[in-house]
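Take a look at the chain and its fold.

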Amino acid sequence: MTYLAAADRYDRMIYNRCGASGLQLPAVSLGLWHNFGGDRPLETSRAIVRRAFDLGVTHFDLANNYGPPYGSAEETFGRLVRGDLHPYRDELVVSTKAGYDMWPGPYGEWGSRKYLLASLDQSLRRMGLDYVDIFYSHRFDPETPLEETMGALDTTVRQGKALYVGISSYSAAKTYEAARILGELGTPLLIHQPSYSLLNRWIEDGLLDALGELGVGCITFSPLAQGMLTDRYLDGIPSDSRAAENTSLSPELITEEAMSHIRALNEIAAGRGQTLAQMALAWTLRDPRVTSTLIGASSVAQLEANVGALDRLGFTDEELAAIEPHAVDGGINIWAESSSV
């Protein structure tokens, strides 16, 4: 059946300006890191993406190696664009990234010009798009001159294959340097995508200040700490969870100390009339320098529940004071390799 987007979709979402740019992003964006690969039913992915757009989620975030298998999330999204979202392409913000391993050999990862430009060409073919709205350097490459990596991003804009460029998991110092190089090239740095959550607050130590000073937007990933900031682990580790499968969340992180903080946060959320996940998402958006927060979804119900965080974004001083002792580093910043450089 032909998909017709909800007529009231723009009445349901909050849109925030991305740094000092002209681009606005939805407060909640949909990431296709998990649940949209070739191992998942296409109809499930279609239902989630359609519902997201109907709720005003205009930004869909991908990377070359999202799946599994690598590349399959982009292929899935490409099928959904051709079948459902093609009439709405100019209403969408589509982003992808390159930096982590994608294909064998020395040219299949990191930040060389050869890898980044080849990867974007592959991503565009998989998605069937002429351009992406945002192309990211997915991680800082300590072995490649930053001038080369940023020069490749600049080239993608000049080729018309990306409208904007961003970086992910760069330290504050490297963010300043990247912004300077891009500014000299004439392609401003639009956005930074770092991990950030109640259990992972590394960006508060300089990076947020840098982004505010530079006029660069911020979109946070893993705001639910890979599921720790949900009700999934309140009573132990479910057999079908990420921690049980030891994929993107190590079971070693599910300690009694961590759970004591998470249970306390859950009680605060209940007092606010929210789920723990909704409060955790709202908390990442409390700082005006944060443009958007990325959610994942394995079902329409989960998507709707997470977007429901927007129903109550405000925090009282008393709530923030109650949260603070439990918003502690849970050791879940598994992207420290890049963010600490």
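Two strands pair if DSSP finds at least two bridges between them. The model here is predicted. In it, β8 and strand β9 (residues 217-220) meet that cut-off: they pair in the parallel sense over two bridges. In this pairing, I191 stands opposite G217 in β9.

Strand β7 (residues 162-168) also pairs with β8. The sense is parallel, and there are four bridges. Here V165 stands opposite L189 in β8.

## Crossovers

How does the chain get from β7 to β8? It passes through helix α5 (residues 172-185), and this β-α-β crossover is right-handed.

A further β-α-β unit is made by β8, helix α6 (residues 207-214) and β9. That unit is right-handed.

## Burial of β8

Is strand β8 buried or exposed? Strand β8 spans residues 189-193, and five of its five residues are buried. Buried means under 20% relative accessible area. Strand β8 is therefore largely enclosed by the rest of the structure.

## The second largest pocket

Now to a pocket. The second largest pocket holds about 200 Å³ of space. Its lining includes L224, T230, D231, R232 and N266. T275, L276, A277 and Q278 are also among the lining residues, as are Q302, A305 and N306.

Two helices, α9 (276-284) and α10 (300-307), each supply at least two residues of this lining. What classes of residue make up the lining? Six are polar, four are nonpolar and two are charged.

Notes: Residues numbered from 1 in each chain as written. Predicted model: local features only at pLDDT ≥ 70, side-chain atom pairs only at ≥ 80, totals over all residues. Heavy atoms only, no water. Buried < 20%, exposed > 50% of the residue type's maximum accessible area, 1.4 Å probe, protein only. Right-handed = clockwise from strand over helix to strand, strands pointing away. 1 Å grid on protein atoms, 1.4 Å probe; cavity = no way out; pocket = protein on both sides within 12 Å on 5 of 7 lines; lining within 4 Å. Points joined across faces, edges and corners; volume = space filled by probe spheres on them. Nonpolar A, V, L, I, M, F, W, Y, C, P; charged D, E, K, R; others polar.
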